[in-house]
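Trainee: I am new to this one. Could we look at it together, step by step?

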Amino acid sequence: MTSKDRQIAARRRPFTEGALTTDQGIPVDDTDNSLRAGARGPTLLEDFHLREKLMRFDHERIPERVVHARGSGAHGYFQVYEPLDEYTTADFLTDPDARTPVFARFSTVQGSRGSTDTPRDVRGFAVKFYTRQGNFDLVGNNMPVFFIQDGIKFPDLVHALKPEPNNEMPQAASSHDTFWDFVTLQPETMHHVIWLMSDRALPRSYRMMQGFGVHTFRLINGHGRSTFAKLHWTPALGIHSLVFDEAQLISGRDPDFNRRDLWEAIEAGEYPSWELGLQLIPEERAFDLEEIDVLDPTKLIPEELVPVTPVGRLTLDRNPDNFFAETEQVAFCVGNTVPGIDFSDDPLLQARLFSYLDTQLTRLGGPNFAQLPINRPLTPVRNHQQDGFHQEAVPTGRTNYHPSSLGGTLQVGPGLTSYPEHVDGPKERKRSETFADHYSQATLFWNSMSAWEQEHIIAAYRFELGKVTAMPIRVRAVEHLNRIDHDLAVAVAQGIGVEEPVKSVDNHGRSSPALSQARDVAGASARTRRVAVLMADGADSRVLAHLRDSCTEAGAVVDLLGITDAAVTTSDGVPLEVTHAITTTASVLYDAVVVPSAAADLSVEGAAVHFAAEAYKHGKPVGAFGTGLGVLQRAQIPLTTAASDPALIVEEEFTPDFPHTLLAALASHRNFDREVTSIPA
């Protein structure tokens, strides 16, 4: 238990103990009937319990976040590997023995609290560190760049991205006129938009998603020396995504897909973790990065130019006790920093320093939101700020000001000191010329993608722009894409009814392999992956036990699915309970499908055939042996390609190698190079 866990534990209020009371502690003798004048008479105004109960219900909700409204969070800790005092005085980055408590929240950006988990969207990745020097909030995303360069455009971006104001549609989607109208009129958005069109916008799990601080921050050491830093989170389970068709189907089958995945993994003891990495740029080198201004949030620094140095690990090991009290009330503020970490002059970051604090005042009802248990720092809080809504403290003494000669004066310093950067220049509304390149890094991203990643990006542009009703907006979008890559622009134009553009610029040819999810997956694991085994009467119980034990030992989760919820009878006559009926679940909720041999013929069951075909279409590992091969054949899965398809595992009879091959395919996530045009599902 961390120090933050102990602090929160003191505030827990179990609902299972003691007598029922009002908020004033008055015992309640009946909470099922209002006080009335006679059993059939009018309700009396004096019923204070009724009035209090309804009043509290009427005020249960607080304003949801304007963006990042739908989220999921968990508690955990961070531990640095080695002291980083060469770069910073931040305590949690200089003491390898310290396990700093954290609360992390993952979120979608566009949708409301009631929207689905799996839209095409940016994901928030926010971590609150409860350090011994106060709270530090790293409020980032799962993409390393952002749409805009200056925070003054943020309201315009969000207004364009959100449902259109005349009809409040579409929910949690960027595939509409106003979004594409805005981004095609703001070329600075092009880099982030191509990330949004990639599979990065469809994470398989929060546990398999990268995180980025987006901005360039300053680290300051004990000698006052400043080093610019980009912050990266890399998941231990690898970086994996859904495909768009699958994500849409999941929205109907389980709109809480990512939220449930995080919760269940932690409950099962499969604690997700991420490695923190830093790109460290000495201040004197900041202007030597060709075509990159470190203050431009629409640009990344390729890892080939500045490597990512692993420095520590984040582990989430406890689910919240109460969603509202913790996940909904947690207040992340970009301005929450600690000695040794400071801000850069990134104009988007500068605007966020104002906006986040302002947001909490509206959402949480006043200035005392830091006193809520989830937001309260572990360090003592002492200052002369007073009063306001929901003040929990009871200040004592005469002096509530500084300085004072009447006693009680608080000591000032040493503490957080801003970096003494020299600032000089005329007051003007103008952007640096070093921010002017809006296309080369979008081209870098495109060049870095594998063939299947590029195919998915083209399909995403076609889908999104195909929803745009104004043809001039489609034309503008293709014109921008033509400045990123001509072949990309032609492929998109062909799909949305726009005339193919004439080539205008040459592709610079540079790439950064680290940007691709198809890069080497060495070390990837099958842990927590979900395997659906399609069951029928007459299956061999010993084979099933061996298959399930092998998967479970590797950390995978196996569900036995039957045609109905009734138990199946194994070949030795033993009834075997199934987890679900095939018709009550779907292949999109699993990472692999196996059809074992059985006496009963599953190939005549349309639900089983569709289940296997759909999984195959989405690139997932699909395996079968014995009579189970009939299901794959009926699904028109080309069994002859198994020799060249590592995620298609077929055997005439079960062998001990089958589970090992399946687990290796699971660890690699998908085979997106698979040809699926002939699959009916």
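Mentor: Let us start with a term: buried means under 20% relative accessible area, exposed over 50%, and partly exposed in between, using a 1.4 Å probe and protein chains only. This is a predicted model, where local features need pLDDT of at least 70, side-chain atom pairs count only at pLDDT 80 or more, and totals for chains, interfaces and linings use all residues. Residues are numbered from 1 along each chain as its sequence is written, and side-chain values use heavy atoms, leaving out hydrogens and water.

Trainee: What share of the 681 residues in the chain is buried?

Mentor: Apply that cut-off of under 20% relative accessible area. Among the 681 residues of the chain, the buried share is 52%.

Trainee: Of contacts between residues at least 6 apart in sequence, what share joins residues at least 24 apart?

Mentor: Contact means heavy atoms within 4.5 Å. Of the contacts in the chain between residues at least 6 apart in sequence, those joining residues at least 24 apart make up 74%.

Trainee: Is Cys-551 buried or exposed?

Mentor: Cys-333, at 5% relative accessibility, counts as buried. Cys-551 has 0% relative accessibility, so Cys-551 counts as buried.

Trainee: How many disulfides does the structure hold?

Mentor: A disulfide is a pair of cysteine sulfur atoms within 2.5 Å. By that cut-off, the number of disulfides in the structure is zero.
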